[in-house]
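User: I would like to learn how to read aromatic pairs and pockets in a structure. Please take them one at a time.

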Amino acid sequence: MHNMGIVVESLDNAIAFFEEIGLKLEGRAMVEGEWAGRVTGLGNQSVEIAMMVTPDGHSRLELSRFLTPATISDHRTAPVNALGYLRIMFAVDNIDELLSRLIRHGAELVGEVVQYENMHRLCYIRGTEGLLIGLAEQLGNKTATDILENT
């Protein structure tokens with residue numbers, strides 16, 4: 001995977017939020033013109049983007065703020081069982097400590113923090129601009145592959 005894209009209203013707020021999770025800002029740029037519209041099918045467009053990279057350097061999150069054309073739809077408050085791309089989940093070291101920091105950035109816990117077997121502590125939050133974000137803290141050495149192979 002090269003990256004996942006999320007459209008936001010405020011790049012500055014989204015960058016600050018994802019930096020709190022541990023991503024680093026790799027760069028910001030304007031993507032404009034007819035060539036970009038040929039890729040997206042939107043025609044002549046002007047989009048400010050910020051590329052965030054995970055601490056391991058393997059995954060990227062592209063945050064986009066459309067100047068033109070204007071955004072026409074908003075799926076940010078869709079529930080977790082809505083069709084389509086809905087949430088992104090991050091592996092974190094200390095879910096309780098991170099939650100307290102993210103709440104100071106306006107995040108809200110969707111349900112509760114739960115433990116899945118002896119493998120993970122998990123939760124969903126509504127982060128910046130209401131985006132649905134999953135957090136997963138690994139416990140011990142067991143992975144999802146270990147569980148799936150033994151069922």
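**Aromatic rings and pockets**

Analyst: Phe 90 has a relative accessible area of 8%, so Phe 90 is buried (buried means under 20% relative accessible area, exposed over 50%, partly exposed in between, with a 1.4 Å probe and protein chains only). This is a predicted model, in which local features need pLDDT of at least 70, side-chain atom pairs count only at pLDDT 80 or more, and totals for chains, interfaces and linings use all residues. Residues are numbered from 1 along each chain as its sequence is written, and side-chain values use heavy atoms, with hydrogens and water left out.

User: How many aromatic pairs does the structure hold?

Analyst: A pair of aromatic rings is described by the distance of the centres and the angle of the planes. Rings of Phe, Tyr and Trp (its six-membered ring) pair if their centres lie within 6.5 Å; planes under 30 degrees apart count as stacked, over 60 as edge-to-face and the rest as tilted. There are 2 aromatic pairs here. Phe 17 and Phe 18 are edge-to-face, because their ring centres are 5.3 Å apart and their planes stand at 90 degrees. For Phe 18 and Phe 90 the centres are 6.0 Å apart and the planes at 55 degrees, so that pair is tilted.

User: Which parts of the chain does the pair of Phe 18 and Phe 90 link?

Analyst: Helices (H or I, at least four residues) and strands (E, at least two) are DSSP runs, numbered from the N terminus. Phe 18 is in helix α1 (residues 11–21) and Phe 90 in strand β5 (residues 88–92), distant parts of the chain, 72 residues apart. Phe 17, Phe 18 and Phe 90 form one aromatic cluster. Phe 18 has 0% relative accessibility and therefore counts as buried.

User: What is the volume of the largest pocket?

Analyst: Rolling a probe the size of a water molecule over the atoms shows where empty space is left. On a 1 Å grid over the protein atoms alone, a pocket is an open set of points where a 1.4 Å probe fits, with protein on both sides within 12 Å along at least five of seven lines; lining residues have an atom within 4 Å of a point. The largest pocket has a volume of about 1,000 Å³. It is lined by 31 residues, and those closest to its centre are Gly 5, Ile 6, Val 7, Ser 73 and His 75.

User: Which residues are closest to the centre of the second largest pocket?

Analyst: The second largest pocket has a volume of about 430 Å³. Closest to its centre, of 20 lining residues, are Ile 21, Pro 55, Phe 90, Ala 91 and Val 92. β5 gives the largest share of this lining, 5 residues.

Note on methods. Grid points are joined across faces, edges and corners, and a volume is the space filled by probe spheres set on the points.
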